[in-house]
Each structure stands twice: as C-alpha cells, then as structure tokens.
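The following exercises concern a single protein chain. Please work through each task before reading its solution.

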Amino acid sequence: MNMKEAVTVYIADISSLLEPEEYSRVKSLVPEARRAKADAVKFAVGRARSLGAGLVLHEACRRSGLEGADEHMCYGEHGKPDFDQHRLRSTGLGEMHFSLSHSGHRVMCGISQVQIGCDVEIVKKRDMKIAGRFFAEAEYADIMAQNDDRIRLERFFRYWTIKESFIKCDGRGLSMPLSSFRIVMDEDGSIELDTGEKKGEYSFFSPDIEDGYSYACCVKQTDAEVRHEFINISRIRNSSP
C-alpha cells in the first residue's frame with residue numbers, strides 16, 4: 001500500500017464476564033459456535049476470555065464496517081485465523097485482517113487492511129533464563145542490563161509481546177523460532193525488526209498502559225499509524241452474529 005495504514009487495536013477488560021449473569025447476557029450477542037466454544041472451557045476465567053475474545057472481535061469488526069465476523073473466517077497454511085478475502089470481496093468489502101490475543105483479564109483485537117499480529121501478556125515473575133534460551137543474544141543482554149528487577153521484568157515482557165506479535169503477523173507461528181530475529185528498541189521509543197537480511201518492512205506498536213499487562217501489535221507496512229481504544233464489555237448491548 002502507498003498510503004499509511006490507520007490501524008485501531010481494541011482492548012477490553014473481561015473481568016465482568018466472571019459474573020454468571022453478565023456471562024449469560026453476553027453469550028446471546030455472539031454466534032452459537034462461539035457460545036459452545038466458550039462453554040466447553042473448564043475454568044470460569046478461561047470461559048470469560050474465550051467469550052470475550054469473540055465479542056471484542058465482533059465489536060471491532062462492526063466498528064470497521066464488517067458485520068458477522070465469524071461468517072468470513074478461515075485459517076491459513078500454518079493455522080493462522082484470518083478472514084476469507086475472496087468472501088469479503090464478494091460482499092463489496094476491501095481487504096481486511098484481524099488478530100486476537102488474551103491473557104489474564106484482558107482481550108486484545110487488531111483490525112487492519114494489511115496483515116496484523118497482536119499479543120497481550122500479564123506481567124508476572126519469570127525466570128530470565130527463558131530470555132537467554134529463546135531470545136536473540138542482544139535482546140537478552142539488553143534485558144539483563146536493566147538495573148532494577150521491575151524494569152527488567154517489564155523489558156522482558158515487552159520483548160516477548162513484540163516478538164509474538166511479529167510471529168502472528170508473519171503467519172508462520174511457532175515454526176519461526178523467537179531467536180531467529182531481533183527486535184531493536186531505541187531510546188526514543190522506536191521499534192525495528194532485524195532478521196539479518198531486511199529491516200523496516202513492519203510497524204510495531206507497544207503502548208505503556210501501566211495496568212499490569214504488556215501489549216504489542218505488528219503491522220506489515222512501514223510507518224503504519226496505530227492507536228489503541230478500550231471497549232467496555234458491559235456497554236455492548238447488540239451484536240450481529
């Protein structure tokens with residue numbers, strides 16, 4: 001694309017769905033398949049995340065002009081969920097892609113006209129040996145150079161979510177090792193991808209929301225304009241399955 005892609009990433013707190021009454025209300029707003037998938041999850045928080053992800057996807061798509069999100073879904077070669085572009089064109093819509101992620105009490109959904117990947121992770125204590133094992137050497141060195149345990153942990157999760165967002169955007173999933181590419185974070189807040197061959201083909205977004213979670217989005221376009229918006233689950237009263 002020649003024009004900058006304007007991307008909105010939607011974030012929702014699904015804590016209210018832990019209440020049986022609210023969970024039941026929201027269930028009526030998503031297709032039957034989504035309800036069944038959520039109900040099949042063993043634990044209440046897992047059911048809330050599953051149902052919340054479906055609801056946020058539908059609401060995000062509705063705001064982007066697409067009704068009935070599930071009707072247009074398909075899966076790529078490596079299992080990445082996406083929209084059937086041929087089906088979208090047959091309805092008169094242009095190209096559209098999405099990415100979903102959830103962790104703890106948060107759901108994240110990105111909608112874009114180009115390939116996109118999103119990731120959210122709850123920030124909690126982790127052994128930094130994980131970074132030494134799975135991250136690029138320079139990323140691990142940057143994490144360990146931080147002189148405060150809290151900052152070091154936040155740095156770890158920022159790398160983690162940014163790298164996961166790229167893997168989701170790329171579409172190859174876990175077949176692409178986390179150590180096979182490097183994320184470069186400059187002091188001015190800019191983020192670049194270094195695969196050893198190419199740089200700058202992707203845009204990254206990693207907002208400092210400071211709510212105990214780390215968020216990241218990757219868009220397959222240089223200099224894409226990415227913003228985030230919160231969706232209040234309790235205020236959603238209608239959806240179009």
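**Exercise 1.** Where is the place of Glu 201?

Solution. The model is predicted, with local features requiring pLDDT of at least 70 and side-chain atom pairs counted only at pLDDT 80 or more, while totals for chains, interfaces and linings use all residues. Residues are numbered from 1 along each chain as its sequence is written, and side-chain values use heavy atoms, with hydrogens and water left out.

Step 1. Glu 201 lies in the loop between strand 8 (191-194) and strand 9 (203-205). Helices (H or I, at least four residues) and strands (E, at least two) are DSSP runs, numbered from the N terminus.

Step 2. Glu 201 has a relative accessible area of 37% and is therefore partly exposed; buried means under 20%, exposed over 50%, and partly exposed in between (1.4 Å probe, protein chains only).

Step 3. Not counting residues up to four places away in sequence, Glu 201 touches Val 219, Lys 220, Gln 221 and Thr 222, where contact means heavy atoms within 4.5 Å. The C-alpha atoms of Glu 201 and Gln 221 are separated by 5.7 Å, although these residues are 20 residues apart along the chain.

**Exercise 2.** Determine which residues touch the most other members of the largest nonpolar core, and which elements give residues to this core.

Solution. Step 1. A nonpolar core is a set of buried Ala, Val, Leu, Ile, Met, Phe, Trp, Tyr and Cys residues joined through side-chain atoms within 4.5 Å. In soluble globular proteins, nonpolar side chains tend to be buried together.

Step 1. The largest such core has 29 residues, of which Leu 55, Val 56, Leu 57, Cys 61, Phe 83, Ile 111 and Ile 233 touch the most other members.

Step 2. Two or more residues each come from strand 1 (6-13), helix 1 (20-27), helix 3 (44-63) and strand 5 (106-112). Helix 3 gives the most, with eight residues.

Step 3. A second, separate core of 24 residues includes Met 128, Ala 131, Ile 167 and Leu 178.

**Exercise 3.** Locate two salt bridges, and state whether each partner is buried or partly exposed.

Solution. Step 1. A salt bridge is a side-chain nitrogen of Lys or Arg within 4 Å of a carboxyl oxygen of Asp or Glu. The whole structure holds 15 of them.

Step 1. Asp 13 pairs with Arg 106, with the closest N and O atoms 3.3 Å apart. This pair links strand 1 with strand 5, across 93 residues. Asp 13 is partly exposed because its relative accessibility is 37%, whereas Arg 106 is buried at 13%.

Step 2. Arg 34 and Asp 70 meet in a salt bridge at 2.9 Å, N to O. Arg 34 is in helix 2 (residues 32-39) and Asp 70 in the loop between helix 3 and strand 2 (73-75), so the pair ties together parts 36 residues apart in sequence. Arg 34 is buried, with a relative accessible area of 11%, and Asp 70 is partly exposed, at 23%.
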